[in-house]
Amino acid sequence: MSSCIIVAAALLLAPALGAPAPAPQVTEPASFGPDSQISASPQSSTTGYRVEVVENGYTSATYHGPYTGTPTTIGAVPGPTTLAASIAPQPLNPTATYYNSKGVPLNPMPAPYTPAGGLGTNGSLPRYMVESDFDFESIALGLYQEWIELDLFHDGLVRFTDEEFAAAGLDAEARSLIEFMADQETGHATLLTNMLGERAPKECVYDYPYTTVREWIDFMQRLTRFGESGVWGFINHLDSREVGQLLAQSIATEARQQQIFRQMSGLTPMDVWFENGWPQSWSWTMLAPYISYCPENTTRLAWQNFPTLHILNNANINRYSPNDTAQDGSENVGPRIADPSVSNITASCENLNVTGYGCGPSVAHNKSEPLSFPGKKVLFQWDAPGQAVGPNNSYVTATSAGVPKFVGWSQQLNLTYSPLTMTSNNTGYTYQPEGFVYGNDGIINGTMAIMLTDLDLFVTPFNTSMLNPHIVALGMYQAG
């Protein structure tokens with residue numbers, strides 16, 4: 001096999017404006033990775049459930065809705081055995097001692113202009129394949145994410161009319177941009193499929209929460225948030241540096257998508273100095289409830305599904321005054337973690353041309369009244385474990401934590417805690433804490449993860465997953 005590897009094949013040509021777009025297809029690779037002995041038999045790009053429909057010049061699946069059958073498999077996929085209940089904290093790596101006080105290279109250079117060190121810099125031929133169970137499960141999760149984005153970005157284009165888009169402030173050029181983002185997902189799905197091999201997960205059928213254009217856009221900014229943060233959380237733990245390189249080049253695109261959907265939602269496009277990374281089980285917890293059916297023998301995942309944490313007064317991004325959001329959870333369209341804000345409200349900011357209060361699509365908005373603020377009382381309700389979720393209702397929410405005592409706020413470079421006040425067995429509240437990363441950069445902002453924990457464990461961006469055994473329930477907070 002040639003050492004010149006094309007790693008992102010089968011990108012589709014964009015259709016001419018106004019012409020029907022072809023159904024999204026992903027070319028099945030003939031082999032996986034350089035020098036791989038794994039061959040692939042040709043397979044259909046459909047799942048056995050998916051049927052294409054063309055509407056408004058776009059394509060999507062004919063069915064989006066809940067699973068109605070009986071699961072034949074239950075729970076996350078296990079390994080041959082489990083060695084311990086959790087991973088014990090360890091001291092600092094004894095080899096992590098390098099410090100350069102002179103500002104010049106301290107060791108012999110292996111070649112001109114090449115400082116000593118680095119990984120994958122010894123001239124060996126790259127192999128763009130997963131190298132461990134950790135790699136496989138992480139990239140498989142990423143592929144589940146790419147598949148839903150491919151379907152989701154197309155679905156709203158089919159579901160809503162030109163008039164509905166115009167009423168939401170989005171013209172034909174905006175729709176063309178969203179279609180291009182869907183085409184990007186074709187390339188991303190192809191890339192991750194190539195790096196996984198023959199057991200790469202296939203596209204499924206999905207169950208979406210929105211009924212309006214605004215809710216669709218809002219849902220996409222939330223879904224791309226956990227898609228992006230879920231990769232930043234594991235990418236530097238991958239055994240395969242080659243896979244990490246290509247994944248970084250795809251997730252950088254996802255970051256742009258998330259920013260664009262925030263702009264289309266009338267939110268500030270950038271409101272943090274650093275993006276936050278999340279463990280895989282966090283993003284899988286948020287993604288799984290929106291996957292309805294998957295075809296038989298679809299590769300399953302090993303990650304945990306946490307119980308849902310409902311933020312009852314999560315700010316409605318469509319409100320003229322977001323602090324008038326109802327306190328009972330009724331201004332989210334449903335009970336799932338990433339469900340968008342209800343858009344059909346009377347005190348809407350959508351078509352309000354008032355600086356500081358309008359929230360129509362825009363390059364940027366400044367908010368005279370923020371969506372949240374330090375000292376805000378945040379109300380919670382959380383589910384018990386044991387709920388059936390995910391593809392074919394075949395995964396089960398679980399937690400190993402004890403009684404919740406703290407609220408964890410994960411954003412930027414920090415995981416910050418505030419005390420939880422219990423009001424019943426599954427309700428409580430806290431006050432949004434104040435804190436700064438550097439200078440006047442407030443920690444809590446944007447679309448972020450929030451959780452209940454039984455311990456205020458100190459974790460940092462590289463070991464956030466150490467908190468997983470202490471998480472009681474997980475949610476998504478719309479801070480800004």
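User: Which residue's side chain meets Arg336 in a salt bridge, at 3.8 Å from N to O?

Analyst: This is a predicted model, where local features need pLDDT of at least 70, side-chain atom pairs count only at pLDDT 80 or more, and totals for chains, interfaces and linings use all residues. Residues are numbered from 1 along each chain as its sequence is written, and side-chain values use heavy atoms, with hydrogens and water left out. A salt bridge here is a side-chain nitrogen of Lys or Arg within 4 Å of a carboxyl oxygen of Asp or Glu. At 3.8 Å from N to O, the partner of Arg336 is Asp339.

User: Is Asp339 buried or exposed?

Analyst: Buried means under 20% relative accessible area, exposed over 50%, and partly exposed in between (1.4 Å probe, protein chains only). Asp339 has 1% relative accessibility, so this residue counts as buried.

User: Which residues are linked in a network of salt bridges with Arg336?

Analyst: Asp339 pairs with Arg336 at 3.8 Å. The network also takes in another Asp, so the members linked with Arg336 are Asp207 and Asp339.

User: Where do Glu331 and Arg319 lie, and how many residues apart are they?

Analyst: Their side chains meet in a salt bridge at 3.0 Å, N to O. The pair links distant parts of the chain, with both Glu331 and Arg319 in the loop between β5 (309-311) and β6 (377-382). Helices (H or I, at least four residues) and strands (E, at least two) are DSSP runs, numbered from the N terminus. Glu331 and Arg319 are 12 residues apart.

User: What volume does the largest pocket have, and which helix gives the most to its lining?

Analyst: On a 1 Å grid over the protein atoms alone, a pocket is an open set of points with protein on both sides within 12 Å along at least five of seven lines, whereas a cavity is a set where a 1.4 Å probe fits but cannot get out; lining residues have an atom within 4 Å of a point. The volume, which is the space filled by probe spheres set on points joined across faces, edges and corners, is about 2000 Å³. Of the 49 lining residues, the closest to the centre are Ser86, Ile87, Phe134, Trp303 and Ser465. With 4 residues, the helix that gives the most is α1.

User: Which residue takes a positive phi in the hairpin of β9 and β10?

Analyst: Two strands pair if DSSP finds at least two bridges between them. β9 (residues 406-411) and β10 (residues 414-419) pair in the antiparallel sense over 6 bridges. Gln411 stands opposite Asn414. Of the 2 residues between the strands, the one with phi near 55° is Gln412.

User: Is Gln412 buried or exposed?

Analyst: Gln412 sits in the loop between β9 and β10. At 1% relative accessibility, Gln412 counts as buried.

User: Is Tyr113 buried or exposed?

Analyst: Tyr113 has a positive phi of about 60°, although it is not a glycine. Tyr113 is found in the loop between β2 and α1. At 81% relative accessibility, Tyr113 counts as exposed.

User: In β12, what is the bridge partner of Gln381?

Analyst: β6 and β12 (residues 427-431) run antiparallel, joined by 5 bridges. β6 also pairs with β5 over 3 bridges. In β12, the partner of Gln381 is Thr427.
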